[in-house]
Amino acid sequence: MQHKTMTIQEVARLAGVSVATVSRVLNNSPLVKDNTRAKVMDVIQKFDYQPNLLGRDLRRSETMKVLVLTPSLERPIVADIVQGMEDRGKEEGYYVLVCPTSNNADRERELLRMLQNRLADGVIVIYSTLSKEELSALGQKHSIVQCLEFVDASYTRSVSIDDEQAAFDAVSHLVEQGHRRIALIAGSPLVNSTRLREQGYRRALEYYSIPFREEWVRYGDYGHEHAGSIMNELMKLPEPPTGIFCMSDNMGIGCINAIHKAGLRVPEDMAVIGFDNTREATMAFPELTTIHQPKYELGQTAMQLLIHNMTSSDKSYENAILPHKLIVRASTAAKATK
């Protein structure tokens with residue numbers, strides 16, 4: 001019996017599976033269980049279903065490819081996030097294409113045209129150079145999830161931690177260790193997470209009745225070399241800080257190195273706390289206190305949110321906030337002496 005007008009949705013309904021599962025069977029994916037494959041093939045053979053790969057009756061998920069746009073692959077946190085995306089995508093039969101953009105808006109727009117040309121089904125953006133208006137317009141037509149960094153764009157989903165609260169917790173820890181002269185070495189002021197973490201820093205100072213000092217707030221590039229240079233500047237101030245909150249572990253390591261080179265001790269003279277809880281944090285001497293971001297889980301959740309919006313008619317645009325955790329190590333463990 002031939003049923004030329006049958007769609008992939010009808011095959012999925014008759015087999016009692018999702019459209020994505022039918023696509024995986026058609027693509028000979030090894031991820032499909034034998035009994036599930038048999039049910040799908042039974043329907044395909046019974047109705048002589050002939051998939052038209054260029055036809056309009058296939059859902060957007062037919063390519064089984066997802067784009068992941070990231071400014072760079074050099075930041076240590078990115079590798080674990082992408083691994084979470086790849087593992088979750090593989091479970092559902094999706095191929096993950098990781099594309100560095102070098103913070104170039106034209107390059108990002110060029111890659112996003114893969115969605116418009118139906119060469120990919122959806123996109124996860126770790127950091128976008130595009131405006132919220134551009135992202136909102138794309139989100140109306142395509143499935144988009146922002147991960148880690150995000151802007152408040154309509155028709156997109158995001159997954160992150162509570163950056164403001166995480167910064168508040170970091171500064172509170174330094175205060176509890178006896179510090180009142182606390183510096184902030186931040187990332188780019190153009191990035192949303194930087195703004196939120198600086199808000200958390202300021203809120204903590206206000207909560208503990210510590211005056212805000214503009215000369216103790218500096219902006220960097222998340223790398224250890226620039227952070228080391230900033231640390232040298234801070235140590236030359238007439239009244240240098242004794243507690244340093246950095247917005248990345250690499251920054252924290254750069255600060256520790258600069259403090260040692262100046263002949264001072266960590267944490268006895270200056271305490272340092274980082275952010276992300278990367279592997280590098282445990283390689284510092286002393287080991288770096290830091291804010292743990294659930295990197296792998298952020299990636300997994302971002303992929304799960306994307307798959308839901310690509311395959312479900314009941315789309316959602318709620319944001320997901322994952323829990324963070326303060327990891328106390330030797331770089332802040334001693335009580336401050338100043």
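These legends accompany close-up views of a predicted model. Local features are described where pLDDT is at least 70 and side-chain atom pairs at pLDDT 80 or more, while totals for chains, interfaces and linings use all residues. Residues are numbered from 1 along each chain as its sequence is written, and side-chain values use heavy atoms, with hydrogens and water left out.

**View 1. Helix 1 packs against helix 3.** Helices here are DSSP runs of H or I with at least four residues, strands are runs of E with at least two, and both are numbered from the N terminus. Helix 1 (residues 8-15) and helix 3 (residues 34-46) meet at an angle of about 125°, and their axes are 9 Å apart. Axes are lines fitted to C-alpha atoms over the stretch in contact, and angles run from 0 to 180 degrees between N-to-C directions. The two helices are therefore oblique to each other; angles under 35 degrees count as roughly parallel, over 145 as roughly antiparallel, 65 to 115 as roughly perpendicular and the rest as oblique. Look for Val11, Leu14 and Ala15 of helix 1, which meet Lys39, Val40, Val43 and Ile44 of helix 3 (contact means heavy atoms within 4.5 Å). Of the residues in this contact, six are nonpolar, none is polar and one is charged. Ala, Val, Leu, Ile, Met, Phe, Trp, Tyr, Cys and Pro count as nonpolar, Asp, Glu, Lys and Arg as charged, and the others, Gly among them, as polar.

**View 2. Strand 1 runs parallel to strand 2.** Six bridges join strand 1 to strand 2 (residues 95-100); strands pair if DSSP finds at least two bridges between them. Valine 68 has valine 98 of strand 2 as its bridge partner. Five of the six residues of strand 1 (residues 65-70) are buried, so this strand is largely enclosed by the rest of the structure. Buried means under 20% relative accessible area, exposed over 50% and partly exposed in between, with a 1.4 Å probe and protein chains only.

**View 3. Strand 6 is paired with strand 8 and strand 7.** Four bridges link strand 6 to strand 8 (residues 243-246) in the parallel sense, with leucine 184 opposite phenylalanine 245. Strand 7 (residues 217-219) is also parallel to strand 6, through three bridges, and here isoleucine 185 partners arginine 218. Ile182, Leu184 and Ala186 point one way from strand 6, Ala183 and Ile185 the other, and all are buried.

**View 4. Isoleucine 307 sits in helix 11 (residues 295-311).** Isoleucine 307 is buried, with a relative accessible area of 5%. Leaving aside residues up to four places away in sequence, isoleucine 307 touches Arg88, Glu92 and Tyr94.
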